[in-house]
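I opened the notebook to record a few look-ups in one structure. The entries follow the order in which I went through them.

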Amino acid sequence: MATFETIKLDKGLYRSPLGINAELERIDPSENYKGTALEGLDAFERQLKRFDIKIKGKNSSPLEKFFQTSDSAALFPEYVSRAVRQGIEESNIVDSIIAARTDINGLDYRTISTSVPEFDEDEQENFIAEGGEIPKTEIKTKENLVTLKKRGKMLVASYEALKFQRLDLFSVALKGIGAYLARAQVFDAINTILSGDGNSNAAKIIPCENSGSASYADLINLWSTLHPYTMNTLVASPETAAKIMSLPEMRDAAAGLNFHATGKTVTPLGANLITTESVGRGLIALDKNYALEMVTAGGIVTDFDKLIDQQLERAAITQIYGFSKIFDDASLVMPL
């Protein structure tokens, strides 16, 4: 049985259909280390320990530590991917507005279309008789495929200039790329809500009472119009969010205490108030549990050949994803 100290590391790990993490776990299962000093580390982290590569803290290793051997160099692309993913997670907003996340192996994906079953009040006294017909809810695939986009950044750096830099600092730069990708995800998600996913399903427009700002009456209108969905999420620009927070109905002690203590805003109607410049001038109301699906074609992708062989220089860091509406009427837009 292979142990973490004897595994041969090379580019082939990145070509595995499982991905490098799952492939390393297959070769060197974490369950074998229960009750040892290495318990709690995954297979990749054990490889970092094998080569004494420290990526965190004031005593983190210099970047050149990855390139002391050909085996340790093979770990560098995954280190880059993990740092970028951490940046995405730390700046993550999109999970607050999507209902489902689907990962696919190709670039073609056709999602489903349906609607919330309406309850006819006339049916209250009409129970389904024995052998009677049960009311139908149709679920079908949408006419057009989900449009997947590639977003990313080109990492351009000189190895000679950076080889003595500590990995703790270099990780911050990589997390910045992740933060950029997180903002791009939100922009694309908002654009899908506003313009639709290519299936003639742009968001329904709800006019506001006074142009330029949303009143409490406007929030009530959004809440009632979204029925039978629940308005549990509002998305607005920081400027619009500030105006909402300044409404007289928001000036109660509990709301103010929560905002001062945590920086998290809650509207009088109990919806999460998400702030992003991507929404522009307007206010989006949605039921987070039904509105949007995010489709990803794999995770963070790095040019592992270049990162291993050329030691930085130029390497692309990309992600392929798209968004689709699940229930078309689970989101509304109010222009301001």
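**Entry 1: Thr 296.** I began with the surroundings of Thr 296. Leaving out residues up to four places away in sequence, I found that Thr 296 touches Arg 101, Thr 102, Asp 103, Ile 104, Ile 320 and Tyr 321. The model is a predicted one. I then looked up where the residue sits, and Thr 296 belongs to strand 9, residues 292-296. Is Thr 296 buried or exposed? I noted a relative accessibility of 6%. Buried means under 20%, so Thr 296 counts as buried. I also checked its side chain, which makes a polar contact of 2.9 Å with the side chain of Asp 103.

**Entry 2: Asn 232.** I moved on to a residue in a loop. Asn 232 lies between helix 8 (216-225) and strand 6 (233-236). Its relative accessible area is 18%, so I wrote it down as buried. Which residues does Asn 232 contact, leaving aside neighbours within four places in sequence? I listed Ala 271, Asn 272, Leu 286, Asp 287, Lys 288 and Asn 289.

**Entry 3: strand 12.** I looked up strand 12, residues 331-335, and found 4 of its 5 residues buried. Strand 8 (residues 282-286) runs antiparallel to strand 12, with 5 bridges between them. In this pairing, Leu 283 has Met 334 as its bridge partner in strand 12.

**Entry 4: the largest pocket.** I recorded a volume of about 900 Å³ for the largest pocket. It is lined by 33 residues, and those closest to its centre are Arg 85, Gly 298, Gly 299, Ile 300 and Val 301. Which element gives the most to this lining? I found helix 5, with 5 residues. By class, I noted 13 nonpolar, 13 polar and 7 charged residues in the lining.

**Entry 5: the second largest pocket.** I noted about 510 Å³ of space in the second largest pocket. Of its 20 lining residues, Glu 45, Leu 48, Ile 55, Lys 56 and Arg 82 lie nearest the centre. The elements that give two or more residues to this lining are helix 3 (43-50), helix 5 and helix 7 (167-195). Helix 5 supplies the largest share, 6 residues.

Methods. Residues are numbered from 1 along each chain as its sequence is written. This is a predicted model: local features need pLDDT of at least 70, side-chain atom pairs count only at pLDDT 80 or more; totals for chains, interfaces and linings use all residues. Side-chain values use heavy atoms; hydrogens and water are left out. Buried means under 20% relative accessible area, exposed over 50%, partly exposed in between (1.4 Å probe, protein chains only). Contact means heavy atoms within 4.5 Å. A polar contact is a pair of N or O atoms within 3.5 Å; within protein, one must be able to donate a hydrogen and the other to accept it, and residues adjacent in sequence count only if both atoms are side-chain atoms. Two strands pair if DSSP finds at least two bridges between them. On a 1 Å grid over the protein atoms alone, a cavity is a set of points where a 1.4 Å probe fits but cannot get out, and a pocket is an open set with protein on both sides within 12 Å along at least five of seven lines; lining residues have an atom within 4 Å of a point. Grid points are joined across faces, edges and corners, and a volume is the space filled by probe spheres set on the points. Ala, Val, Leu, Ile, Met, Phe, Trp, Tyr, Cys and Pro count as nonpolar, Asp, Glu, Lys and Arg as charged, and the others, Gly among them, as polar.
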